Amino acid sequence: MKIMLELFGASRDFSNKDFLEFNIDKIIEIKDLRKEIIIYLDKNFKGNENFKKIVNSSSFCSEDNNIINDNYKILKGQKIGIIPPIGGG
Amino acid sequence: MLHTKIIDIKKEKISSSNAEVFIKSSSFGASIIFTGTVRNINENKEVTGMTYDSHDELVLKSFNEIYEEAEDKLKIMNKAVFIEHIKGYVGLGEISIIIAVACKHRDEAYILSRYIIEEIKKRSPIWKKEHYKNEQSEWLKGNPLSNEKN
């Protein structure tokens, strides 16, 4: 299945596009997706520690705009948003 | 009575006159218009502008929740609230957010206005990228999203 990770805030520096795509062949949880993102960062940004910190301190958001926890199961291909630490206003 | 909007600054302008019109009513005796603007120095760095990013749907959802909570927690029932936040690039002195409130009495208006901005800072997925005089730029660190409702 294809998981499209929508990038926001500091995570936009992970790619020139607004999203990252992950092809996953099993049901995974958000904590596994975190690991997949870090593998991607290790590969493409030589383990940039600041980027990894962003991933580890981020929340995630489902396609229907709910904040989801690390145990949330991704059962089918969908859009997931990464929500880095916030600070608007 | 609530109005919320994310203003994509490439497409439209943010204006406090819209807020004035929205909250104006003879049933309210106190109104406050708060505007947040981009300032020139942050942590000893000379700032030239700011790019705001937003998860629009979640931000609007959080604005609605904050408004609803004002009834439950603050017991402010009769009120008009106008919240707009921009996304995109703005220069020094330009407006990033408008929170306009109108209530029966001034105590309620001050409390409500302060409550809304503090909750937005804690809960609304909005990010800032500062641009500096030396041509560099950086996303501000921010705080992890709090899922807990107070």
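Is A:K46 buried or exposed, and how many other C-beta atoms lie within 10 Å? A:K46 is exposed, because 8 other C-beta atoms lie within 10 Å, where a residue counts as buried with 20 or more other C-beta atoms within 10 Å of its own, as exposed with 12 or fewer, and as partly exposed in between, the C-beta atoms being placed from the backbone.

The model is a predicted one, in which local features need pLDDT of at least 70 and side-chain atom pairs count only at pLDDT 80 or more, whereas totals for chains, interfaces and linings use all residues. Residues are numbered from 1 along each chain as its sequence is written, and chains are lettered from A and ligands numbered from 1 in the order in which they are written.

**Chain A: sheet and loops**

Helices (H or I, at least four residues) and strands (E, at least two) are DSSP runs numbered from the N terminus, and two strands pair if DSSP finds at least two bridges between them. In chain A, five strands form an open sheet with mixed pairing, in the order β2-β1-β7-β4-β5. The edges of this sheet are β2 (19-23) and β5 (67-68) of chain A, each of which has a single partner strand, so one side of each is left without a neighbour in the sheet. Strand β4 (residues 59-61) of chain A runs antiparallel to β5(A), to which two bridges join it, and A:C61 has A:I67 in β5(A) as its bridge partner.

The loop between β4 and β5 of chain A holds A:N65, whose phi is near 65 degrees, a positive value in a residue other than glycine. With 13 other C-beta atoms within 10 Å, A:N65 is partly exposed. A:K46, likewise not a glycine, has a positive phi of about 45 degrees, and is found in the loop between α1 and α2 of chain A. As background, most residues other than glycine have a negative phi.

**Helix packing in both chains**

The table gives one helix pair from each chain; axes are lines fitted to C-alpha atoms, for helices over the stretch in contact, and angles run from 0 to 180 degrees between N-to-C directions.

| Helix pair | Angle | Axis separation |
|---|---|---|
| α1 (residues 30-45) and α2 (residues 49-56) of chain A | about 165 degrees | 10 Å |
| α2 (residues 56-72) and α3 (residues 106-123) of chain B | about 140 degrees | 10 Å |

Angles under 35 degrees count as roughly parallel, over 145 as roughly antiparallel, 65 to 115 as roughly perpendicular and the rest as oblique. The helices α1(A) and α2(A) are therefore roughly antiparallel to each other. Their contact (two residues are in contact if their C-beta atoms, placed from the backbone, lie within 7 Å) is made by A:R34, A:I37, A:I38, A:L41 and A:F45 of α1(A) together with A:F51, A:K52 and A:V55 of α2(A). These residues divide into six nonpolar, no polar and two charged, where Ala, Val, Leu, Ile, Met, Phe, Trp, Tyr, Cys and Pro count as nonpolar, Asp, Glu, Lys and Arg as charged, and the others, Gly among them, as polar.

In chain B, α2(B) and α3(B) are oblique to each other. The contact draws on B:S62, B:I66 and B:A70 of α2(B), and on B:L112, B:Y115, B:I116, B:E119, B:I120 and B:R123 of α3(B); by class, it has six nonpolar, one polar and two charged residues.

**Strand pairing in chain B**

Strand β5 (residues 79-91) of chain B pairs with β1(B) in the parallel sense over seven bridges, with B:I83 in β5(B) as the bridge partner of B:T4. Four bridges join strand β4 (residues 45-54) of chain B to β5(B), and these two run antiparallel; here B:M50 has B:V90 as its partner. Strand β6 (residues 95-103) of chain B is also antiparallel to β5(B), through seven bridges, and B:H85 stands opposite B:I97 in β6(B). β5(B) and β6(B) form a hairpin with three residues between them, and B:G93 in the turn has a positive phi of about 75 degrees.

B:M1 lies in the segment before β1 (2-8) of chain B, and counts as partly exposed, with 13 C-beta neighbours inside 10 Å. B:M1 and B:F22, 21 residues apart in sequence, are 9.1 Å apart in space, C-alpha to C-alpha.

**Contact between the chains**

The contact takes 17 residues from chain A and 25 residues from chain B. On the side of chain A that touches chain B, the elements that give two or more residues are β4 and β7 (78-83) of chain A. By class, that side of chain A has eight nonpolar, eight polar and one charged residues.
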